[in-house]
Amino acid sequence: MKTIKVRLKENSYNIYIGKGILDQFNGLFPSKEPRKALLVTNETVWKLYGKRTVDSINDGFVNVITLILPDGERYKTLRSVEKGYRTLVENKFTRSDCIINLGGGVICDTGGYIAATYMRGIDFYQIPTTLLAQVDASIGGKVAVNLPQGKNLVGTFYQPDGVLIDIDFLNTLPKREFNSGWAEIIKAGILDGENFFSFLERGRYPIISPIEKAIRLKERVVRIDERDRGLRKILNLGHTFAHAIESATNYRRYLHGEAVSIGMMYAIRLGEAIGVTDETLKDRVKVLLERFELPVELKGIDPQRLIPYFYVDKKATTGSLSFIIPLKIGDVREFKDVKLEILGGILR
Ligand SMILES: NC(=O)c1ccc[n+]([C@@H]2O[C@H](COP(=O)([O-])OP(=O)(O)OC[C@H]3O[C@@H](n4cnc5c(N)ncnc54)[C@H](O)[C@@H]3O)[C@@H](O)[C@H]2O)c1
């Protein structure tokens with residue numbers, strides 16, 4: 001088992017990564033005093049792992065209550081959050097009780113937001129079950145839900161008290177979902193530098209290695225800039241485009257990682273159009289994305305339709321558009337005031 005400590009000014013916590021470690025939850029995160037836990041999950045994950053998870057955590061808590069939400073991004077809403085609050089109140093949860101999220105990024109984000117806001121914040125633990133949630137959504141403390149107007153528009157920064165990553169969850173993950181998670185690993189490789197990226201290019205490694213490397217990269221960035229004021233913005237590589245793509249297609253056509261994959265290719269093209277991006281980057285990134293069957297072009301809608309969504313994205317400051325652009329592997333920066341003509345030119 002690997003342990004990564006997320007070192008923050010307050011609330012440092014451990015991420016445990018291993019094979020078949022779900023059963024070790026209580027040993028890894030012992031409760032100091034008797035307390036209740038709310039297990040937040042969805043119907044799909046509950047059927048696959050509900051019983052084993054409850055058996056695993058039961059002994060560590062005086063009572064385990066479950067909140068099983070419907071499956072899907074469209075349930076990452078304030079309505080689901082309210083359901084969570086109601087369950088907590090009905091079961092008399094106090095500030096010393098906790099929440100355990102078992103699921104993909106949707107559950108980690110929704111359950112995390114419930115934990116962050118119920119009684120001004122209670123403890124919570126992440127047990128991410130998709131590759132995307134293991135390398136990205138479950139760590140770093142961004143928790144949010146969607147509004148009809150856009151993704152993640154209501155949220156806060158709130159760090160978990162621990163993360164348990166069991167790679168055995170990946171055995172039941174549909175191939176498309178698995179590949180979607182690879183987009184975030186490839187993103188981490190671009191941000192991190194040549195060592196990580198060429199390790200990915202070489203291939204042939206146990207899955208735990210790229211997961212660990214991607215988490216270490218995110219930990220380093222979050223440690224320096226927990227609140228997204230500077231460096232952390234680079235983690236949004238591809239995401240301004242991705243959020244626009246997901247909104248413009250009503251979250252139906254592309255999985256999050258697939259939208260990030262197309263978004264990273266647009267970010268590279270934008271960098272080329274501005275004249276700052278190394279000309280070898282596009283092909284290297286494309287080859288790697290295509291190895292995991294990820295889309296590299298937007299299909300079925302006119303890319304120009306993305307433009308209005310950039311102005312809703314919370315990373316846009318009034319009137320000007322900023323994008324995260326890779327210059328080369330290991331050198332990714334924020335560019336402010338990107339001209340609409342240049343952006344329009346690459347959205348073909
Ligand atoms: N907070 C952050 O920092 C952050 C970072 C990246 C993404 N996100 C968010 O994460 C969400 C996407 O997460 P996701 O890709 O995990 O999607 P998801 O949570 O919708 O899970 C994908 C699908 O896989 C199913 N599933 C989950 N685990 C499974 C397993 N082990 N076996 C079989 N099926 C399983 C789910 O039920 C779902 O149908 C988005 O809402 C995105 O905004 C948040």
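A polar contact here is a pair of N or O atoms within 3.5 Å; within protein, one must be able to donate a hydrogen and the other to accept it, and residues adjacent in sequence count only if both atoms are side-chain atoms. This is a predicted model, where local features need pLDDT of at least 70 and side-chain atom pairs pLDDT 80 or more, while totals for chains, interfaces and linings use all residues. Residues are numbered from 1 along each chain as its sequence is written, and side-chain values use heavy atoms, with hydrogens and water left out.

**View 1. Around the ligand.** Of the 27 residues around the ligand (a heavy atom within 4 Å), Asp71, Glu73, Thr129, Thr130 and Thr172 come nearest. Thr172 puts a polar side-chain atom 2.7 Å from a ligand nitrogen atom.

**View 2. Helix H6 against helix H8.** H6 (residues 175–192) packs on H8 (residues 208–224) at about 55°, axes 9 Å apart; axes are lines fitted to C-alpha atoms, for helices over the stretch in contact, with angles running from 0 to 180 degrees between N-to-C directions. Helices are DSSP runs (H or I, at least four residues), numbered from the N terminus. In the contact (heavy atoms within 4.5 Å), Trp182, Ile185, Ala188, Leu191 and Asp192 of H6 meet Pro210, Ala214, Leu217 and Arg220 of H8.

**View 3. Helix H7 against helix H11.** H7 (residues 194–202) and H11 (residues 281–291) pack at about 45°, with axes 10 Å apart. Glu194, Phe197, Ser198, Leu200 and Glu201 of H7 touch Arg284, Val285, Leu288 and Arg291 of H11.

Key
Helix = DSSP H or I, 4+ residues; strand = E, 2+ residues; numbered from the N terminus.
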